[in-house]
Amino acid sequence: MQDKDHDHEIDAGEMLECRKIVKNLNNFGINEKQRIQLIYLLALELESKDAMDIFIDSVKKVKNLNQNIKFSLTHEENEYNSNKSKKLLDV
C-alpha cells in the first residue's frame with residue numbers, strides 16, 4: 001500500500017525529464033509573460049481541483065504584482081492583444 005504523502009513524488013528519471021522540458025522551453029526563448037501563461041495552462045491540466053485552484057490563485061497574485069502581465073484568463077486580453085504591433089516574419 002502506497003503512503004498518501006508520497007503519491008505526488010516523482011523519481012529521478014521523471015525529474016530529469018521535467019528539467020529537459022524546462023531547458024527546451026528556455027532554449028526556445030520564452031519571456032516572463034509566456035512562462036506565467038504556461039504555468040496557468042499547466043495548472044488547468046491538473047487532476048486535483050485543489051492543486052489547480054492553488055496554482056490559479058498564485059498566477060492571479062503574480063499578475064496583480066505586475067500590471068504589464070496580461071494573459072487569457074483576464075478580461076483585459078482583448079485590449080492587450082489589440083495593442084500589440086503586428087510583425088511580418090518577426091522582421
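The structure described here is a predicted model, in which local features need a pLDDT of at least 70 and side-chain atom pairs count only at pLDDT 80 or more, whereas totals for chains, interfaces and linings use all residues. Residues are numbered from 1 along each chain as its sequence is written, and side-chain values use heavy atoms, with hydrogens and water left out.

The chain has four helices and zero strands, helices being DSSP runs of H or I with at least four residues and strands DSSP runs of E with at least two, numbered from the N terminus. The order of elements from the N terminus on is accordingly α-α-α-α. Of the 91 residues of the chain, 15% count as buried. The chain exposes about 8,200 Å², of which carbon and sulfur atoms supply 54%; accessible areas come from the Shrake-Rupley method with a 1.4 Å probe, and for residues only the protein chains shown count as cover. With contact taken to mean heavy atoms within 4.5 Å, 26% of the contacts between residues at least 6 apart in sequence join residues at least 24 apart.

Helix α3, formed by residues 49–65, has 17 residues and reaches 24 Å from its first C-alpha to its last, close to the 24 Å expected at 1.5 Å a residue, where the expected span is 1.5 Å times one less than the number of residues. Within α3, the residues M52, I56, V59 and K63 are buried. These residues cover an arc of only 60 degrees around the axis, which puts them on the same side of α3; the arc is that of the directions from the helix axis to the C-beta atoms. An α-helix has 3.6 residues a turn, so residues three or four places apart point the same way. The face of α3 turned away from this buried side carries the exposed residues D50, I54, K61, N64 and L65.

The cover over the buried residues of α3 includes α2, residues 32–44. The 13 residues of α2 should span 18 Å at 1.5 Å a residue, and its end C-alpha atoms, 19 Å apart, agree with this. In α2, I36, Q37, Y40 and A43 are buried. Seen down the axis of α2, its buried residues fall within an arc of 120 degrees, so they line one face of the helix, and they pack against α3. K63, which lies in helix α3, counts as buried at 8% relative accessibility; K63 and I36 are 27 residues apart in sequence, while their C-alpha atoms are 8.4 Å apart in space.

A search of the whole structure finds one salt bridge, defined as a side-chain nitrogen of Lys or Arg within 4 Å of a carboxyl oxygen of Asp or Glu. This salt bridge is formed by K49 with D53, the closest N and O atoms being 3.0 Å apart. Being four residues apart in helix α3, K49 and D53 are separated by about one helical turn, and D53 is partly exposed, with a relative accessible area of 29%.

A nonpolar surface patch of about 250 Å² is made by I39, L46 and F55. Patches are made of residues with over 30% relative accessible area and no salt bridge, like charges being joined within 9 Å and nonpolar side chains (Val, Leu, Ile, Met, Phe, Trp, Tyr) within 5 Å. L46 is placed in the loop between α2 and α3 and is partly exposed, with a relative accessible area of 35%.

Note on methods. Buried < 20%, exposed > 50% of the residue type's maximum accessible area, 1.4 Å probe, protein only.
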